[in-house]
Amino acid sequence: MKKGFGVALLLILVVVGTVGFHVFSPWWWTELASNWGYIDDTIILTFWVTGVVFVAVVGFMAYCVLRFPYQEGRRSEYNPENKKLEWWLIGLTSFGVVLMLTPGLFVWNDFVSVPKGAAEIEVMGQQWQWSYRLPGKDGVLGTTDVRQVNDTNPFGINPKDPKGQDDVLIAGDDLHLPLDKPVKVLLRSLDVLHDFYVPQFRAKMDMVPGAVTYFWFTPTRTGTFDVLCFELCGVGHYAMRSKVVVEKEDKFQAWLKKQQTFAQSLREAENQSGGESKVASALGPENAAGGGSGSRDHGAPTVRVNP
Amino acid sequence: MADIVPTAVDDIPSAEVAEVDLYHARSWWTKYVFSQDAKVIAVQYSCTAIAIGLVALVLSWLMRLQLGFPESFSFIDASDYYQFITMHGMIMVIYLLTALFLGGFGNYLIPLMVGARDMVFPYVNMLSFWVYLLAVAVLVASFFVPGGPTGAGWTLYPPQAILSGTPGSEYGIILMLVSLALFIIGFTMGGLNYVVTVLQARTRGMTLMRLPLTVWGIFVATILALLAFPALFVGCVMMIFDRVLGSSFFMPAIVEMGQQLSYGGGSPLLFQHLFWFFGHPEVYIVALPAFGIVSDLLSVHARRHIFGYRMMVWAIVIIGALSFVVWAHHMYVSGMNPWFGFFFATTTLIIAVPTALKVYNWALTLWRANIQFTLPMLFALGFIVTFVNGGITGLFLGNVVVDVPLSDTMFVVAHFHMVMGVAPILVIFGAIYHWYPLMTGRMLDEKMGQFHFWVTFVGAYTIFLPLHYLGLLGVPRRYFEMGETSFIPASAQDLNAFVTVVALIVGFAQIVFLFNLFRSLRHGKVAGRNPWKAASLEWQTDDVPPGHGNFGEHLPVVYRWAYDYSVPGAPDDFIPQNVPSNAVAENHAEAPSAADGIEAPRT
């Protein structure tokens with residue numbers, strides 16, 4: 001067997017195997033359910049540009065390995081530099097970079113520019129569950145403060161803010177969203193970093209305690225989608241799950257009417273305050289780590305009585 | 001051009017400073033334990049790094065077992081899993097790769113390659129190792145304290161890292177932070193040595209533009225580390241304060257499990273900026289030495305000069321500089337001001353240009369070369385393949401909007417393992433096969449080496465290529481188990497099981513490699529002088545392995561660059577750096593010893 005043949009074969013198999021795996025592997029992204037098709041397009045473009053470079057470089061190496069194996073007494077070519085060739089390669093690479101970066105930055109500009117009229121909703125993360133807040137009839141979310149969080153006010157809504165009284169609170173249940181309406185998702189965390197992500201929506205952002213972050217998207221497909229936490233948040237990270245239901249406007253409105261507002265939740269707590277304060281399932285590290293299905297099984301908001 | 005033409009300038013500047021006498025060991029202890037010889041320190045660094053690296057290897061098996069066969073191992077619970085991934089990552093990046101490239105290869109090769117007798121501050125150099133060993137000891141101790149080591153992920157993001165929902169938040173995190181601080185102190189002592197030695201202790205005729213690229217890579221990486229590590233040091237100190245003294249540098253007002261904590265006013269993002277201001281240059285602290293070393297491996301074993309030497313040097317310098325203005329590409333979805341995305345995406349993709357040029361020049365070095373398929377060459381080729389693969393996926397993650405769906409998925413895991421795990425480690429293997437004959441006087445066994453290469457390269461590529469596609473699918477990283485997730489097909493689990501099996505096989509191949517390292521010490525083929533016929537100075541010493549002081553009575557004098565292979569008209573296919581042009585023909589077949597250099601400084 002010719003020297004270098006095995007190595008050249010290895011390199012060729014790497015190219016063929018990689019491209020083949022890309023084309024035939026059953027693992028690919030989920031079907032899009034939001035307006036962010038441009039993100040998918042940018043990924044495809046990047047696959048093409050970088051794929052050509054990968055095949056070219058490894059292919060070139062395979063050729064050299066096959067063509068120039070060691071022979072006693074033969075000498076390599078001696079020409080330490082080739083300025084022209086190097087500048088051509090720099091130019092071509094720069095062109096490829098511009099080709100990928102330019103559309104990328106345009107799409108990023110869309111990503112950070114929330115359209116006027118986008119409905120604001122809030123997602124709140126805490127170890128290890130999701131809660132949601134939607135504005136009430138006034139269309140505005142009330143202000144919040146972590147210091148206000150207590151048994152009767154798990155969201156920490158400022159009780160003196162009239163805009164907060166009609167806020168719709170969803171704790172330990174699925175989030176519903178209307179189809180084809182742009183949503184600005186405000187993100188808040190009570191304890192550590194979390195990240196609200198639905199793979200079908202393609203858009204995510206970390207939630208940072210002490211700050212409100214955001215991203216926006218438009219749901220474009222009805223269905224029920226898994227919510228996963230995408231920023232390590234402690235031992236129950238993998239079990240921090242929820243679901244988003246995207247449905248037509250009328251169904252969404254019917255669902256919305258059934259949800260409890262902040263004012264209603266305060267009244268309910270007042271009625272019960274004669275007895276012991278209600279202790280809902282406080283999700284400690286031990287029970288979170290045990291079950292894989294996560295926090296959405298817990299019907300009531302997490303409340304823990306101070307010792 | 002004058003610096004690199006083969007008919008090199010014979011006009012060598014005279015020595016400006018007299019040689020300083022070295023510290024000579026008086027006992028076994030000062031010769032082999034508290035040694036001030038950079039070569040002994042290099043071996044100490046390397047053995048410690050490889051030993052702690054083996055711990056990281058075992059941790060990777062444990063985490064792969066959990067991913068491949070969830071709910072099969074009662075001894076791995078979620079806390080254990082997060083501790084495994086955290087310690088695996090931290091050990092590999094800091095305690096193995098950084099320590100081995102700079103403390104190991106840096107110490108061994110810099111003085112020999114620049115023609116110096118030792119590092120310029122041998123005593124501080126010795127201290128550097130002992131502080132590093134202490135840092136490793138503290139790290140290992142964290143496995144044995146109540147609650148175990150930290151499971152905060154290698155990025156140690158607060159507030160999670162120091163709150164009770166994370167494993168090891170009692171003692172593990174404190175020991176981790178103390179260990180990192182010690183590592184940085186130890187590294188700084190070594191790092192100052194490497195930089196000053198390259199700048200001050202080069203032998204006569206060794207201009208900067210005649211340095212082997214190995215030295216250039218380690219030199220620039222050390223400068224990066226000296227500038228980047230202080231940011232991590234500050235972050236570690238502040239987090240220790242937050243954890244132990246209750247300060248709030250990184251801690252805002254927090255309700256933990258329904259309880260109000262007394263923290264308030266701090267910023268979790270501040271830590272992320274400090275961490276990545278260190279963390280991104282860290283990628284190049286590992287990559288630049290690998291770039292340099294692989295250039296030399298390719299050149300020696302392809303019997304051809306490196307192509308475009310000067311561009312290669314400038315690319316290293318430019319990549320090093322740019323690596324300080326790209327850190328926030330790790331934070332596109334961190335919640336920082338999204339307008340930063342435009343700046344950091346642009347700088348990040350610009351860094352691809354000098355990096356790509358390096359790849360082209362490595363490939364072009366093979367053009368019309370005379371390629372010997374030695375083990376170092378095989379590993380060097382493997383490096384180029386994995387580095388190109390990992391580099392182009394970096395273009396996905398660097399382009400801010402593409403990063404949004406991919407961040408924190410298995411795509412990221414696959415990317416950084418390919419580009420700064422597999423690729424640099426292949427270079428380390430190649431480098432060990434290449435320089436082991438110099439360090440021990442014996443060759444490593446070829447058959448075991450072939451087995452090691454084929455299993456490691458094919459296996460590692462098979463492990464990490466498919467993981468990209470799981471990430472594209474939306475499989476998150478740092479998940480103890482996936483449980484029921486509607487969008488993930490059952491086949492993803494089969495793939496994970498397959499990857500785990502391959503990972504165990506690749507792990508086995510590393511045991512063979514270790515066996516080879518030990519066995520060849522006594523039973524390896526005797527190497528003799530300069531078995532690879534290399535032109536750089538470390539192979540031109542009087543003794544093999546080189547003794548204390550490296551060179552004989554006189555330091556070598558350098559007349560040419562390190563890449564004079566296959567020079568037209570020369571009788572051999574290489575001309576060592578210390579051969580003057582009028583002696584090329586005479587020194588045919590036998591490279592001159594250092595003592596053949598010009599003896600007295602010319603006036």
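An open sheet of five strands in chain A has the order 4-10-9-6-7, with mixed pairing; strands here (E, at least two residues) and helices (H or I, at least four) are DSSP runs numbered from the N terminus, and two strands pair if DSSP finds at least two bridges between them. Strand 4 (175-178) and strand 7 (204-207) of chain A each have a single partner strand and stand at the edges, so one side of each is left without a neighbour in the sheet. From one strand to the next, the twist averages 25°. The model is predicted: local features need pLDDT of at least 70 and side-chain atom pairs count only at pLDDT 80 or more, while totals for chains, interfaces and linings use all residues. Residues are numbered from 1 along each chain as its sequence is written, and chains are lettered from A and ligands numbered from 1 in the order in which they are written.

Strand 6 (residues 194-197) of chain A pairs with strand 7 of chain A in the antiparallel sense, over four bridges. Asp195(A) stands opposite Asp206(A) in strand 7 of chain A. Helix 4 (residues 249-257) of chain A lies across strand 4 and strand 10 (241-247) of chain A and runs at about 140° to strand 4 of chain A; axes are lines fitted to C-alpha atoms, for helices over the stretch in contact, and angles run from 0 to 180 degrees between N-to-C directions.

Chain A contains six helices and 10 strands. Of its 307 residues, 40% count as buried, a residue being buried if 20 or more other C-beta atoms lie within 10 Å of its own, exposed if 12 or fewer, and partly exposed in between, with C-beta atoms placed from the backbone. Among contacts in chain A between residues at least 6 apart in sequence, 72% join residues at least 24 apart; two residues are in contact if their C-beta atoms, placed from the backbone, lie within 7 Å. The mean pLDDT of chain A (the predictor's confidence in each residue, from 0 to 100) is 87, and 88% of its residues reach 70 or more. Over residues 275-307 of chain A the pLDDT is below 50, and this stretch has 77 contacts in the model beyond near neighbours in sequence. Where pLDDT is low, the predicted coordinates should not be read in detail.

The contact between the chains takes 99 residues from chain B and 92 residues from chain A. Helix 11 (residues 375-398) of chain B supplies the largest share of the side of chain B that touches chain A, nine residues. By class, this side of chain B has 63 nonpolar, 25 polar and 11 charged residues; Ala, Val, Leu, Ile, Met, Phe, Trp, Tyr, Cys and Pro count as nonpolar, Asp, Glu, Lys and Arg as charged, and the others, Gly among them, as polar.

Backbone geometry was also examined. A cis peptide bond joins Gln127(A) and Trp128(A), with omega about -10°; Trp128(A) lies in the loop between strand 1 (119-126) and strand 2 (129-134) of chain A. Another cis peptide bond joins Pro158(B) and Pro159(B), with omega about 0°, and Pro159(B) is found in the loop between helix 4 (122-141) and helix 5 (172-200) of chain B. Arg303(B), although not a glycine, has a positive phi of about 50°. Arg303(B) counts as buried because it has 21 C-beta neighbours inside 10 Å.
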